[in-house]
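Subject: Structure handover

Hello,

Please find the structure below.

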Amino acid sequence: MENASPPRILVVGLDRYGMRACVRLGLEVTVVCGAAAWDQGSIAIPDEVTVIRVDDHTSAEDVLMALARSGLTSESFDAVYTTAEGSLVMVGLLAAHLGLPAVPPEVAVRFRDKAVQKREIRAAGLATAGALVVDDVHDVDGITELGSANAVLKPVAGAATERTSVVSSVAELRQRGEEYRRAGTAQRTFILEEFVRGDEWIADGVLFEGELLFCALGRYGDPCLASVDSGRPLNFRHFDPADESWAYERALPVINGSLAALGLRDGVFHMELFHDPDTGVLTFGECAARRGGALLQEVVHAKFNVDLAACAIQVALGCRPEIDIKIRPGAVGGAYLTAGAGLLLDCPSADQVMARPGVEFVRIERPVGERTPAVSGTNHRIGQFMVAADTAEELQQRFAKVWDWFGPQVKIVPDGLTPRELRAIQTTLRPGVRFGDALWR
């Protein structure tokens with residue numbers, strides 16, 4: 001990065017921390033932004049960044065046409081990067097077309113396709129769930145058995161636990177398939193996985209030339225699927241490498257073996273594992289060749305002093321990241337702020353949440369006036385917050401206190417109410433204001 005002209009990088013999809021890292025590194029940045037991300041408007045774009053808008057930043061056709069319209073060619077960039085799950089394979093193909101380094105498309109496929117991923121993990125001799133591909137979830141008549149007493153039905157290339165559910169019989173599978181058919185879901189290829197019990201662990205790390213430079217190991221408060229099914233807010237924390245070294249000793253061989261089996265040599269990853277507390281056995285769940293969602297970027301930075309986004313950008317440029325690990329004592333974790341389905345009228349501000357004990361960061365993501373959907377995945381939330389505490393137990397207590405305080409203050413018009421029911425809740429939404437069918441005299 002000491003050349004006369006700054007390195008030029010093409011970023012596919014909006015990534016707040018990725019763009020910030022590019023600006024801080026003095027790069028010449030071009031960002032391809034899809035229409036949905038642009039309309040959402042939740043991610044501020046730095047003034048130093050050049051934006052190219054497209055209909056869909058997961059489409060190779062859309063991206064290549066937009067580059068051509070802008071007069072940009074393979075000579076215009078030194079690197080290409082994405083943290084958008086749906087763009088990973090496309091960026092691998094795009095990089096090959098432009099002659100730029102990136103995760104090869106065949107490797108990206110192993111991280112996107114859950115059936116391929118589990119096949120590679122199983123071939124490496126590592127424990128993972130059995131799996132059966134459902135070619136078309138709208139038509140499952142050909143499936144006569146689940147393969148296990150309980151099975152997890154999910155899109156073969158999904159993310160954020162979206163449209164993921166447990167089915168316990170073929171009849172239940174057919175019912176779910178009929179629901180998706182009536183809804184006209186665009187995702188049709190699903191996978192049936194053997195249900196794995198245990199705590200759900202997470203691993204977030206950095207690879208360079210096949211070497212694991214950094215790994216933060218942690219766990220969800222509840223497994224993601226349990227959070228979605230119960231409606232409880234997702235929350236997580238990372239284990240302390242000193243106080244909870246046993247967890248790292250148990251997990252690192254599985255993490256290294258899994259990454260080697262999937263062929264990732266450079267980049268940032270987010271892995272999920274299931275830990276049986278009775279036996280200590282770890283079972284591979286899934287792995288993404290990108291940063292994790294939620295507040296993983298923020299919590300890892302706060303706990304370990306490692307900026308995963310900056311590391312990812314440096315690796316994309318072919319540079320070994322300079323990682324200065326400084327482990328913060330105590331517990332640091334992230335959690336969701338949620339509400340029921342309906343029209344959001346009001347909720348506490350970020351500043352109000354920040355004033356709660358232990359809260360160090362808040363992001364309110366849904367604007368007033370937007371409809372909050374029913375929970376169907378781990379991306380459904382009003383906002384997120386990060387908390388620090390002396391112990392893991394105190395961390396959970398602080399999460400709970402924020403949830404108990406936040407929930408009653410959310411003003412939302414629930415979906416599906418009759419006019420009579422809407423009239424009945426007006427006094428709670430606007431206390432002190434009189435409504436009703438009044439009579440004169």
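The notes start with conventions and the whole chain, then go through sheets, helices and single residues.

**Conventions**

This is a predicted model, in which local features need pLDDT of at least 70, side-chain atom pairs count only at pLDDT 80 or more, and totals for chains, interfaces and linings use all residues. Residues are numbered from 1 along each chain as its sequence is written, and side-chain values use heavy atoms, with hydrogens and water left out.

**Whole chain**

The protein chain has 14 helices and 19 strands. Both are DSSP runs numbered from the N terminus: helices are H or I with at least four residues, strands are E with at least two. The radius of gyration is 23 Å, close to the 22 Å that the globule rule gives for 441 residues, so the chain is as compact as a globular protein of that length. That radius is taken over C-alpha atoms, and the rule is 2.2 Å times the number of residues to the power 0.38. Along the principal axes, the C-alpha atoms fill a box of roughly 85 × 55 × 50 Å.

Buried residues make up 47% of the 441. Buried means under 20% relative accessible area, exposed over 50%, and partly exposed in between (1.4 Å probe, protein chains only). The accessible surface comes to about 20800 Å², and 49% of it belongs to carbon and sulfur atoms. Areas come from the Shrake-Rupley method with a 1.4 Å probe; for residues, only the protein chains shown count as cover. Of the contacts with a separation of 6 or more, 65% are between residues 24 or more positions apart. A contact means heavy atoms within 4.5 Å.

**The parallel sheet**

Four strands form an open sheet in the order β3-β2-β1-β4, with parallel pairing. Two strands pair if DSSP finds at least two bridges between them. The edge strands are β3 and β4, each pairing on one side only. Neighbouring strands are turned by 20° against each other on average, direction ignored.

Four bridges join β1 to β4. Val11 stands opposite Tyr81 in β4, and Leu10 has Val80 as its bridge partner. In a regular strand the side chains alternate between the two faces of the sheet. In β4 (residues 79-82), Ala79 and Tyr81 point one way and Val80 and Thr82 the other. All four are buried.

Two helices touch β1 and β4. α4 lies across both strands, at about 175° to β4. α11 (residues 308-316) packs on the sheet with its direction at about 145° to that of β4. Axes are lines fitted to C-alpha atoms, for helices over the stretch in contact; angles run from 0 to 180 degrees between N-to-C directions.

**Helix α3**

In α3 (residues 60-69), Asp62, Val63, Ala66 and Leu67 are buried. Seen down the axis, the buried residues fall within an arc of 130°, so they line one face of the helix. The arc is that of the directions from the helix axis to the C-beta atoms. Their cover includes β1 (8-12), β2 (28-34), β3 (50-54) and α4 (88-98). On the other side of α3, Glu61, Ala68 and Arg69 are exposed.

**The antiparallel sheet**

Three strands form an open sheet in the order β17-β15-β19, paired antiparallel. β17 (371-372) and β19 (411-414) stand at the edges with a single partner strand each, so one side of each is left without a neighbour in the sheet. Four bridges join β15 (residues 342-346) to β19. Leu344 stands opposite Ile412 in β19. Helix α14 (residues 419-429) lies across β15 and β19, at about 175° to β19.

**Single residues**

- Glu298 is found in helix α10. It is buried, with a relative accessible area of 8%. Leaving aside neighbours within four places in sequence, Glu298 is in contact with Tyr17, Phe361, Arg363 and Met386.
- Ala131 lies in strand β5 (residues 131-134). It counts as partly exposed, at 41% relative accessibility. Not counting residues up to four places away in sequence, Ala131 touches Lys118, Arg122, Ile191, Leu192 and Glu193.
- Ala294 has a positive phi, near 50°. Its place is the loop between β13 (282-288) and α10 (296-304). Ala294 is partly exposed, at 23%.
- Arg441 also has a positive phi, near 65°. It is found in the segment after α14. Arg441 is exposed, with a relative accessible area of 86%.

Most residues other than glycine have a negative phi.

Regards
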